[in-house]
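Hello,

Here is the structure I promised to pass on to you. Have a look at it first, and then read my notes below.

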Amino acid sequence: MAAARIFTQEDKLTNGMPRLISRLQQFRRGSPLSFRLLAYILLFSSVFTLIASGLQIYTDFRKDVSVIDDRLHVIETGYRSSLSRSLWALDQNLIQIQLEGILSLPDIVHLRLRIYPDSELVMGERPKNGTAIRQHSFQIGHQGSIDTQLGELVVTASLERSYSDLQQRIWVILTTQFFKTFVVSILIVWILRQLVTRHLSRMASYARNFSLENLDEPLKLDRPDTLRYRSDELGQVTDAFNQMRERLTEDLERRKRDESEIRKLSMAVEQSPSSVMICDRQWRIEFVNQKFSQLTGYPADQVLGQRPGDLALGGRNTRSTQQLWQTIRLQVQRVGVWQGEVNSVRRNGDRFWEQIVVTSIKDPEGRVTNFLVVGEDISIRKRYEQQLLRQANYDILTGLPNRMLALDRLKLALAQAQRENTLVGVMFLDLDNFKHINDTLGHDAGDTLLVEAARRISASLRGTSTVARLGGDEFLVVLPGLKDPGDTEQVADRILAGFSTPFILGGQEVFVTTSIGIAIYPSDCDNSGTLLQNADAAMYEAKHKGKSAWERFAPEMKEVSHERLQMESRLRRAQELDEFELWFQPIVETATGHVTGAEALLRWNSPVMGLIMPDRFIPLAEETGMIIPIGRWVLEQACMAARRWQEATGRELQIAVNVSPRQFRDPEFVESTLEILTACDLPPNRLEMEITERLILDNSIETATILRQLDEAGIRLSVDDFGTGFSALSYLKSYPFDSLKIDKAFVADVMVSGDNASLVLAIINMAHSLKLTVVAEGVEEPAQQDFLRKHHCDFAQGYLYSRPAPEPDFLAWLRDH
Ligand SMILES: Nc1nc2c(ncn2[C@@H]2O[C@H](COP(=O)(O)O[C@H]3[C@@H](O)[C@H](n4cnc5c(=O)[nH]c(N)nc54)O[C@@H]3COP(=O)(O)O)[C@@H](O)[C@H]2O)c(=O)[nH]1
């Protein structure tokens, strides 16, 4: 048991010290600041304590020594006279007693009394050598009549007691001061640790473990979370830490959001259906998307670093492409954007059309950093536009240029003749008795005749001449660059000769002739319109004279067109004589067959000339301006009719009215239309105005303004006879149209010509993509209706449903359907 105790004791001793050292080392490692602080406090307070204690001790010692010195002086003053008397009396006993009295005083250890002349009395023990002493001596004399020196006393005081006190005090002071310093230091360090350093360690460990993965965990110190603590330095540092953490969290989230946004945008650009190219500020390609590579055939790595102009060269179209890109660059640098249609070249050399938009990309400070080129393949649209343009410029039956193209060519020929000082021959041809042949042999025979006549006229011409079909059985020949007016007459003779052989129509030989009117530029007129009129007048003269002949224009022939003049004067009176009638043709929804509206079609019922179709008098009405009052009458009648039908059948049908471009020049057009609608109590959206592409060609600000005003009033607008005029789809976007009417010429052929079928299909699709409804005109056969229904054409109109009819007949039809 005792051994065990001894062992435990030893064990404690042997293990205790290393454990303490290791604790200290741990403390030093774990809390270096506290350790250093402790060391510093200990060192400085020890030095300070040492100095202070030393001073204290020294002062106390000096005080002790001065007490001893005082005492020596007190001995002198206290004992001198009594010793003098004792010596004078030589009273040895008294001297003895007096000296013992002195010797009994504290610290007085030795007395030596020299009695003059030669005796000495010593008392006490002389201190050993090396012992600190204080000595004081004074003379003892007798004062009488003669002053006599009796002796001298040397008093020795030992400082041994003072030294021993000093030693004791030093030990006590040092021990207590060191203990106190140590305890205070420990206390300070403990307080410091509690208040500061352990929190610093917590901060250090928080900062060490801080990463983007644990941003949610705020720094919390092990102390109360009150305002007092939050506002001190540690609280401020903690707050700063947590703010930093929050900012980092926000930054991280923003960065994540930005990254996802960038990812999304780059995916969108990469997978965009449009080709995208991004160039740097020197117009060198930095990026192209997949669509670009698909469209052009260039893989991305082959184009990066090149300029778009060099690229489009493809080794072929050098100058023009570079000039185009030069223009694009200049405009984008000047106004920030360029857009247009470009005929580009693929890598394999194929050409294609693209709609390009080039813009500059700017940084937030407004500095241009890049250029963006977005392209869209519009080859299909272009092909259809070209096809439409062809249909618009050429006569479908004969393949000859139509009136529009012929007039263009005539104008060009006149301009050239003016420049070159040459002549231009204009011939107006009209087949003799064509109406009779058409009526007796049928339309097919009429068509065959027209085609063959076109061929024979063309065969009679050479070089740069133009032959065109103006409509019906009328042809126009333009002979540019002539030197002699007689040249035209020779051509006219050749044409007449060409008609001398019979035509085979419906299996029969038929002789058909033609009458030709000739006008020459510049002698007969210098503008295309009048030249044509003059040739027309000459043609009437030729017919008048017996047909199968040509006639040169003469000024007096102008009178010959009196038929026309007669018609004009009759037309002027037709309105007041109430000779106009409005006929109606239903418009049906293709999918359901429901009647949704009707088109109002004007007829002139002249007591002299019979029922006249609008094609014959509308151009005259337009030319003379009579179309404005006539058009207003039509609008009024049409709106009133729609109102009557509603009352009669309860059906709210749409009413479509044809409006001539000339009516748009009437300043009161919009106002009077709105007045009519109000007067008829018809909502504006029940009225649809059909406008031909000719109006759009006008392209004036006034037209655009009127169309916008009508649209804003709620009136529906539709493009009539689509495909026969300008036929560019791009304008449809620029005007507020609601629907588009495909011309009957296309519908007539959908089941016969694949080209026409695909064209109709393209028009439907494109109109739908522009949010326009589509009406097909001239539907005569169920197969055409099926085709249109299958291809989602919205509405149809034609003889299949009903021919245009006077209002009572139309109402009857309406009740039946
Ligand atoms: N400014 C105005 N113009 C007018 C007005 N009324 C008519 N017009 C213009 O005259 C064009 C010819 O009109 P119309 O002779 O009446 O011919 C229309 C129909 O009869 C005809 N149609 C209808 N269905 C068929 C069919 O199945 N086959 C076939 N061969 N023809 C058919 O089409 C004409 C309707 O065409 P649209 O107006 O394009 O819808 C006429 O085109 C007007 O431009 C008027 O009041 N003012």
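Helices (H or I, at least four residues) and strands (E, at least two) are DSSP runs, numbered from the N terminus.

Two notes on the model: residues are numbered from 1 along each chain as its sequence is written. The model is predicted, so local features need pLDDT of at least 70 and side-chain atom pairs count only at pLDDT 80 or more, while totals for chains, interfaces and linings use all residues.

Back to H3, whose buried residues are Ile95, Gln98, Leu99 and Ile102. They cover an arc of only 95 degrees around the axis, so they sit on the same side of H3; the arc is taken from the directions from the helix axis to the C-beta atoms. An α-helix has 3.6 residues a turn, so residues three or four places apart point the same way. On the face turned away from the buried side are the exposed residues Asn93, Ile97 and Glu100. Buried means 20 or more other C-beta atoms within 10 Å of a residue's own, exposed 12 or fewer, and partly exposed in between, with C-beta atoms placed from the backbone.

For the whole protein chain, there are 27 helices and 26 strands, and buried residues make up 29% of its 817 residues.

Enjoy exploring!
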